[in-house]
Amino acid sequence: MKQTMKQMRKGMFMLLLVTMMVTLLAACGSNNVSNGNAGDTKNAGADSTQTSNEAGKAPDPATLKLMLFGDKPIELDKVLTEFENRTKDTLNTKLDIEFNPFADHKQKLNLKMTAGEVVDAAFDAPWGSLNQNVSLGYYQELDKYFNNDEYPGLKKAFSEEFLNANKINGHIYSIPMTNAFYDIEVVYIRKDLREKFGMQPVQSYDDLKTYLEKVQQSEKGMIPFALKNDRGFFKMFGHEEKLTNVKMISGVSPAFNVFLSDDGKKVIGATTLGDSADKFASLPTPYNDPYYMYPQYDKAVEWNKFVQKDVLSEKDPGALFVAGKSAANEATINATAQVRQKLQAAVPGADIELFVYNSKMRNMEQGAIGTDYKAWNDIVIPVTSKNADRTMKFFDWLFSSQENHDLFENGIEGEHWTKDGDRNYKMTDKTTNYLFPGYEFTWSPTMSRINSDNDAETLKLLDYQSKPDTYYQQPLTGFVFNAEPVKTEIAKMSTISTYEPLFKNGLDKDWKGSAAKMNKELESLGLEKIRQEVINQVQAFLDNSGK
């Protein structure tokens, strides 16, 4: 086990190195992206409070308003008090952290931005509204805080190459948060139930289906597979092929798959769900099939019989699983040890095990996971904040030492966790009192500790996802879509939210007909203008040698 831990540490270090090497060669994407209103508000974040004074004394007290999503940790206030006690003579800063349900966070953040409400730091991400909000001028440029000796913690924790890979329009608009370049998706199942049924470990979709059927037959009142309203089956049943000439473009609604020529220099098509057959006619086989990129929806219909009846109102299926009310839950591997602990606290004798449904990842094949070397998650400083310097001083403190980082990511040492070597940790009976969402706020490839309480198979997979040769570089690395030219049209695409939950949860047997109907509605609202803008921006990116 100790050898595995050493390999993990080495893997994490190598991961950071490969980021540097790849991003030196890869484009960092200017795309001629407009700053929207950023030019008018760039200086709006100048601090209204002191961050230091000439005598070297603590600055005047300040409270920073932060926005995250998820459940507030039970003993967060205890950790914040410890933070304040440690820093009262230096930072003299308090944190007021607002936690919103995941399903509401994006909307609440956007409403506060449009209303000009003060927020000092908030979670956002490329899969959320990061790129769009940057183009709308909602977030401050943060270039000056990095590679700056006045912020040594940030300088040490974030290499120039890693930051370059996460720039938008040539500037840094966020603090990028990641501990690897992928978090392997898994289905958590109840090991104790699987053994009760006399089954071998689940190693295929067929095995999983058999397990769910046995739950349905034998465990009356238990939901076989609890899903989340807006995610459905998430990434299950998707293609596992290596896509080197196809890229889904994020930061635009609806999502488009962009297809490139064999030499990668020309856009030959951009399609979205429900497009008519003529949009696919010029694409090579098998992409000329309008439904090839959407194998998951037929499967979702087939598997819907295992899902809770009120799935469209379900916001937290994970809570059902750890309470023993469901027999399976789709999540990612990083949460395994904590999920096990919460389940066992609620259901004595229960245990979990993982089914990695992507077979390439399950078999830990080299070059199986595509990446653009961007962080998954980000912290942004809205232009409404008057405490930008103060906020970045906090994050500088956070990343300036392992001790500071540990306090927020894991809680109070000896109470919420204990050390296990240089880079690992073990849980205590009070760990569940401080389950902080590090993926939103603290994750770092070099500072985030590995949970030694994971089972051996999970540790192998965590090691696997930390290795550089696990990944291949996706096409259009460095491209960022600028939503500004079509922001009016994108705002009209909200009709998608009526249809997509039905497709993702398998609630619409005629999803193909419904998708075509949805597409027609979107056409009348400006879909083709958005499509052409996607094609134009990607082609301009390619013509400029990926810059």
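Which residue stands opposite K426 in strand 14? Here are some notes on this predicted model, starting with that spot.

1. The residue is T418. The pairing around it joins strand 13 (residues 417–420) to strand 14 (residues 424–427), antiparallel and held over four bridges. These two strands make a hairpin with three residues between them. Have a look at G421 in the turn, which has a positive phi of about 80°.

2. Next, the open sheet of five strands, whose order is 2-1-3-12-4 with mixed pairing. Strand 2 (93–100) and strand 4 (175–177) are its edges, each pairing on one side only. On average, neighbouring strands here are turned by 20° against each other, direction ignored.

3. Within that sheet, strand 3 (residues 121–124) and strand 12 (residues 377–380) run antiparallel and are joined by three bridges. A handy landmark is A122, which stands opposite V380 in strand 12.

4. Helix 4 (residues 102–115) packs on this sheet and touches strand 1 (62–69), strand 2 and strand 3. The helix direction makes about 135° with that of strand 1.

5. Finally, the second largest pocket, with a volume of about 290 Å³. Its lining counts 15 residues, and P201, Q203, E353, L354 and E457 lie nearest the centre. Two elements give two or more residues to this lining: strand 10 (352–355) and helix 17 (456–465). Strand 10 supplies the largest share, four residues.

6. What is the make-up of that pocket's lining by class? There are seven nonpolar, one polar and seven charged residues.

Technical notes: Residues are numbered from 1 along each chain as its sequence is written. This is a predicted model: local features need pLDDT of at least 70, side-chain atom pairs count only at pLDDT 80 or more; totals for chains, interfaces and linings use all residues. Side-chain values use heavy atoms; hydrogens and water are left out. On a 1 Å grid over the protein atoms alone, a cavity is a set of points where a 1.4 Å probe fits but cannot get out, and a pocket is an open set with protein on both sides within 12 Å along at least five of seven lines; lining residues have an atom within 4 Å of a point. Grid points are joined across faces, edges and corners, and a volume is the space filled by probe spheres set on the points. Ala, Val, Leu, Ile, Met, Phe, Trp, Tyr, Cys and Pro count as nonpolar, Asp, Glu, Lys and Arg as charged, and the others, Gly among them, as polar. Two strands pair if DSSP finds at least two bridges between them. Axes are lines fitted to C-alpha atoms, for helices over the stretch in contact, and angles run from 0 to 180 degrees between N-to-C directions. Contact means heavy atoms within 4.5 Å.
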